[in-house]
Structure formats: structure tokens, C-alpha cells
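This report goes through a few features of the structure shown below.

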Amino acid sequence: MFSINADFEKNRLYITLGAVETGDGEKFFEEIRPLLAKMEKGFSCISDISRFSFIDPAEADWVDEAIKTVSDAGMARVVRVTGTEVENRETTEKLGYKVNLAKTVEDAEQILDSL
């Protein structure tokens, strides 16, 4: 299970990953590519991984490709929602985008809106 939405006014992508089942990777790319084509370079992303798990372990193969695809499309920053208390410190991923962590989507919104 996953959902992908975009707020083009904020130039922000929203990804929620839940229990990933067989075939979800292919569906994910089908849904995200048209949205990425409409995002402006430098967009931000809120990625809610608080309920992320693999029901089908074979589906794990597409996750790295998904991260690379979003990064290559011009993502500058992501806030990962963990569902747990985390220290909000910024790091830089090997693909060059900035990463923050947040407990909730609301916290993630506040982090991005304050930048």
C-alpha cells in the first residue's frame, strides 16, 4: 500500500508507504512519473514511512530505484516521517539532497515551511 500526492503550489511531493505488496513497485512508478514531470527542480518531499513494511520481500528491489528516480527529477529536500520522537537534524544523502526527520506529517510540514 502506498499513496502519492503533490502540491504544485508548494512544489511539494507527498509519499506514504505502508505494507508493500506484490506489484506495488510497478504501480508506484506508474503513479509517480507523471507527477515528477510536473514538479519544478528543487522540489521538496514529505515521505511518511511510519507504517512502512514489506509483505512481499521481493518488492524491496524497487525502493532504491524509486529514491534515485525522485532525486534525479530534482528533489532538493525530503523530510521522512518516522512516527517516533526524533532529533530534527539535517543530513545530506549520497545523491545530494537534504534530509530531515520528523515524528508526524504536521511536523514535517512545519520544517519545510520554515525553510
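## A residue in strand 1

In this predicted model, Phe2 lies in strand 1, which covers residues 2-7. Phe2 has a relative accessible area of 14%. Buried means under 20%, so Phe2 counts as buried.

Leaving aside residues up to four places away in sequence, Phe2 touches Thr16, Leu17, Asp24, Lys27, Phe28 and Glu31. Phe2 and Phe52 are 50 residues apart in sequence, while their C-alpha atoms are 8.9 Å apart in space.

## Packing of helix 1 and helix 2

Helix 1 (residues 24-38) packs with helix 2 (residues 61-72) at an angle of about 5 degrees, and the axes are 11 Å apart. Helix 1 is therefore roughly parallel to helix 2.

On the helix 1 side, the contact is made by Asp24, Gly25, Phe28, Phe29, Ile32 and Leu36; helix 2 contributes Trp62, Glu65, Ala66, Thr69 and Val70. These residues divide into 7 nonpolar, 2 polar and 2 charged.

## Salt bridges

The model has 8 salt bridges. One of them joins the side chains of Lys10 and Asp113, at 3.8 Å from N to O. Lys10 is in the loop between strand 1 and strand 2, Asp113 is in helix 3, and the two are 103 residues apart.

Asp113 also forms a salt bridge with Arg12, at 3.1 Å from N to O. This pair links helix 3 with strand 2 across 101 residues. Arg12 is buried, at 5% relative accessible area, whereas Asp113 is partly exposed at 46%. Lys10, Arg12, Glu109 and Asp113 are linked in a network of salt bridges.

Conventions: Residues are numbered from 1 along each chain as its sequence is written. This is a predicted model: local features need pLDDT of at least 70, side-chain atom pairs count only at pLDDT 80 or more; totals for chains, interfaces and linings use all residues. Side-chain values use heavy atoms; hydrogens and water are left out. Helices (H or I, at least four residues) and strands (E, at least two) are DSSP runs, numbered from the N terminus. Buried means under 20% relative accessible area, exposed over 50%, partly exposed in between (1.4 Å probe, protein chains only). Contact means heavy atoms within 4.5 Å. Axes are lines fitted to C-alpha atoms, for helices over the stretch in contact, and angles run from 0 to 180 degrees between N-to-C directions. Angles under 35 degrees count as roughly parallel, over 145 as roughly antiparallel, 65 to 115 as roughly perpendicular and the rest as oblique. Ala, Val, Leu, Ile, Met, Phe, Trp, Tyr, Cys and Pro count as nonpolar, Asp, Glu, Lys and Arg as charged, and the others, Gly among them, as polar. A salt bridge is a side-chain nitrogen of Lys or Arg within 4 Å of a carboxyl oxygen of Asp or Glu.
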